[in-house]
Amino acid sequence: QGETNAGRPWNYDTLQAALVNNWRNLWNQGSLPFFYVQLPNFMDYNYLPSESSWAMLREAQFKALSVPNTAMAVAIDLGEWNDLHPDNKKDVGERLALAALNLAYGEKDIVYSGPLYQSSVTEGNKISISFTHTGSGLLTNDGEAPGDFAIAGADKKFVWAKTKIEGDKVIVWSEEVPEPKFVRYAWADNPVQANLYNKEGLPASPFRTDK
């Protein structure tokens with residue numbers, strides 16, 4: 001859910017947390033597992049870094065993972081530009097099932113999420129990004145360098161970044177931004193090349209480090 005909330009994404013994480021806690025209280029199930037699907041890619045491509053209310057709603061869904069015993073299926077690769085309700089439900093269901101097997105049924109050896117942003121460190125003219133849920137390691141699903149990373153300095157004027165994977169980190173930089181401060185990944189209604197995955201085949205969630 002969340003499509004109709006994209007016009008007001010700033011309070012969605014609070015609303016979702018309230019929903020989860022309300023259901024748990026009503027059913028007297030204090031730790032009831034709760035799994036949900038992040039908004040997929042949708043609408044036209046934008047080939048320049050830009051703002052996006054859909055990206056902000058995905059960020060709010062990401063933040064809602066702070067509620068214990070919840071999981072989010074990332075669907076940034078499963079949408080259709082011209083269909084609000086894309087056809088591919090099978091992959092969505094399988095990603096939710098992985099979360100259920102791990103969190104609800106105790107199969108803790110199952111990798112159930114794609115990479116989630118954890119932290120970033122500026123090192124000279126580069127930014128090093130760390131993730132949770134890297135599984136057996138990071139890769140791209142097309143063999144290219146990680147795409148859809150944008151970088152900016154203090155002015156927050158984002159440009160596309162050069163990237164490389166180093167272990168469980170992604171390194172980003174641009175000659176246009178000698179003093180980088182902020183990074184965004186797949187920050188668009190419909191990212192053009194959101195190709196970062198873990199080796200288990202689960203996509204990374206979009207994110208930004210600026211607020």
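Phe35 counts as partly exposed, because its relative accessibility is 24% (buried means under 20% relative accessible area, exposed over 50%, partly exposed in between, with a 1.4 Å probe and protein chains only). The model is predicted: local features need pLDDT of at least 70 and side-chain atom pairs pLDDT 80 or more, while totals for chains, interfaces and linings use all residues. Residues are numbered from 1 along each chain as its sequence is written, and side-chain values use heavy atoms, with hydrogens and water left out.

**Exercise 1. Place Phe35 in the fold and list its contacts beyond four places in sequence.**

Step 1: Start with the strand. Phe35 belongs to β1, residues 34-37 (strands are DSSP runs of E with at least two residues, helices runs of H or I with at least four, numbered from the N terminus).

Step 2: Now look for partners. With neighbours within four places set aside, Phe35 is in contact with Ala71, Leu96, Ala99, Ala100, Leu103 and Ala104 (contact means heavy atoms within 4.5 Å).

**Exercise 2. Classify the ring pairs Phe34–Tyr36 and Tyr117–Phe207.**

Step 1: Rings of Phe, Tyr and Trp (its six-membered ring) pair if their centres lie within 6.5 Å; planes under 30 degrees apart count as stacked, over 60 as edge-to-face and the rest as tilted. This gives 10 aromatic pairs.

Step 2: Apply it to Phe34 and Tyr36. Their ring centres are 6.3 Å apart and the planes meet at 50°, so this pair is tilted. Phe34 is buried at 12% relative accessibility, and Tyr36 is buried at 8%.

Step 3: Turn to Tyr117 and Phe207. This pair is stacked, with 4.7 Å centre to centre and 15° between the planes. Tyr117 lies in strand β3 (residues 116-123) and Phe207 in strand β12 (residues 207-208), 90 residues apart, so the pair links distant parts of the chain. Phe207 is buried, with a relative accessible area of 3%.

Step 4: Tyr117, Phe131, Phe149, Tyr185 and Phe207 are linked into a cluster.

**Exercise 3. Which rings have the charged end of Lys126 or Lys156 over them?**

Step 1: Take Lys126. Its charged end sits over the ring of Trp173, 5.2 Å from the centre (NZ of Lys or CZ of Arg must be within 6 Å of the ring centre and within 35 degrees of the ring normal).

Step 2: Take Lys156. This residue lies over the face of Phe182, 5.4 Å from the ring centre.
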